Amino acid sequence: MNSIHLSRRGILQLSGLALVASVASCATAPKFSATPSDGDDQTAAALPLVNQLRAKNGLPPLSVDPAATAAALFQAKRMASAGKMKHVMGISDGFGPRVKASGVQLPAAENIAAGQQSVPAVVTAWINSPHHLENMLGRYSGLGVAVAHNPSSRNVPYWAMVLSS
């Protein structure tokens with residue numbers, strides 16, 4: 001009987017190759033199954049503020065989109081879990097595949113923020129940012145907004161808004 005003997009270095013090299021192969025073959029954004037953060041749907045509180053902004057600009061109102069809300073909640077929780085305000089959090093991560101996996105109708109847009117203590121404060125921050133304002137005034141029909149906190153990231157509020165078609 002032949003036995004195969006691998007050194008620790010050989011095992012590590014094979015493990016590294018397996019990891020690279022698995023990352024390279026990943027076509028969709030990773031799911032974070034257990035994020036150590038809480039998350040709250042804030043769409044009902046944000047919707048009137050965003051619709052007031054849109055009305056002032058002659059645009060039709062948005063409505064609650066459950067898929068956009070799920071995508072916003074997912075993004076807020078993963079930012080809180082990571083303690084980072086980022087749209088993209090990995091090699092195979094991307095906005096389009098991530099929101100599509102939540103059932104969001106494309107085209108779509110995402111606004112993120114961190115540190116604001118209330119819905120009016122975060123919506124004001126987005127209004128005062130030209131790119132975020134452009135998203136809120138875009139040709140979208142649905143909205144989802146969420147906030148998440150994580151004790152390991154000092155309970156900083158991490159916010160996500162997803163606008164959908």
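**Close-up views of a predicted model**

**View 1. The surroundings of threonine 69.** Setting aside neighbours within four places in sequence, threonine 69 touches Asp41, Thr43, Val64, Leu143 and Gly144. This is a predicted model, and in it threonine 69 sits in helix 3, which spans residues 66-82. Is threonine 69 buried or exposed? With a relative accessibility of 9%, it falls under the 20% cut-off, so threonine 69 counts as buried.

**View 2. The whole chain, for orientation.** Before the next close-ups, here is the overall layout. The protein chain holds six helices and five strands, and from the N terminus they follow the order α-β-α-β-α-α-β-α-α-β-β. Of its 165 residues, 38% count as buried. Among contacts with a separation of 6 or more, 71% join residues 24 or more positions apart. The accessible surface of the chain is about 9300 Å², and carbon and sulfur atoms contribute 60% of that.

**View 3. Helix 5 and its buried face.** Which residues of helix 5 (residues 119-127) are buried? They are Val119, Val122, Val123 and Trp126. Looking down the axis of helix 5, you will find these buried residues within an arc of 100°, so they line one face of the helix.

**View 4. The N-terminal cap of helix 5.** Here serine 118 caps the N-terminal end of helix 5. Look for its side-chain oxygen, which lies 3.2 Å from the backbone nitrogen of alanine 121.

**View 5. Tryptophan 126 and its partners.** Leaving out neighbours within four places in sequence, tryptophan 126 makes contact with Asn111, Ile112, Ala113, His132, Leu133, Met136, Trp159, Ala160 and Met161. Trp126 is also one of the buried residues of helix 5.

**View 6. The largest nonpolar core.** This core has 19 residues, of which Leu62, Trp126, Leu143, Trp159, Met161 and Leu163 touch the most other members. Helix 2, strand 3, helix 5, strand 4 (142-149) and strand 5 each give two or more residues to this core. Apart from it lies another core, of 17 residues, including Ala71, Val99, Ala148 and Tyr158. As a general background, nonpolar side chains tend to be buried together in soluble globular proteins.

Definitions and conventions. Residues numbered from 1 in each chain as written. Predicted model: local features only at pLDDT ≥ 70, side-chain atom pairs only at ≥ 80, totals over all residues. Heavy atoms only, no water. Buried < 20%, exposed > 50% of the residue type's maximum accessible area, 1.4 Å probe, protein only. Helix = DSSP H or I, 4+ residues; strand = E, 2+ residues; numbered from the N terminus. Arc of directions from axis to C-beta. Polar contact = N/O pair within 3.5 Å; in protein donor to acceptor, adjacent residues only side chain to side chain. Core = buried A, V, L, I, M, F, W, Y, C linked by side-chain atoms within 4.5 Å. Contact = heavy atoms within 4.5 Å. Areas by Shrake-Rupley, 256 points an atom, 1.4 Å probe, with all protein chains shown as cover.
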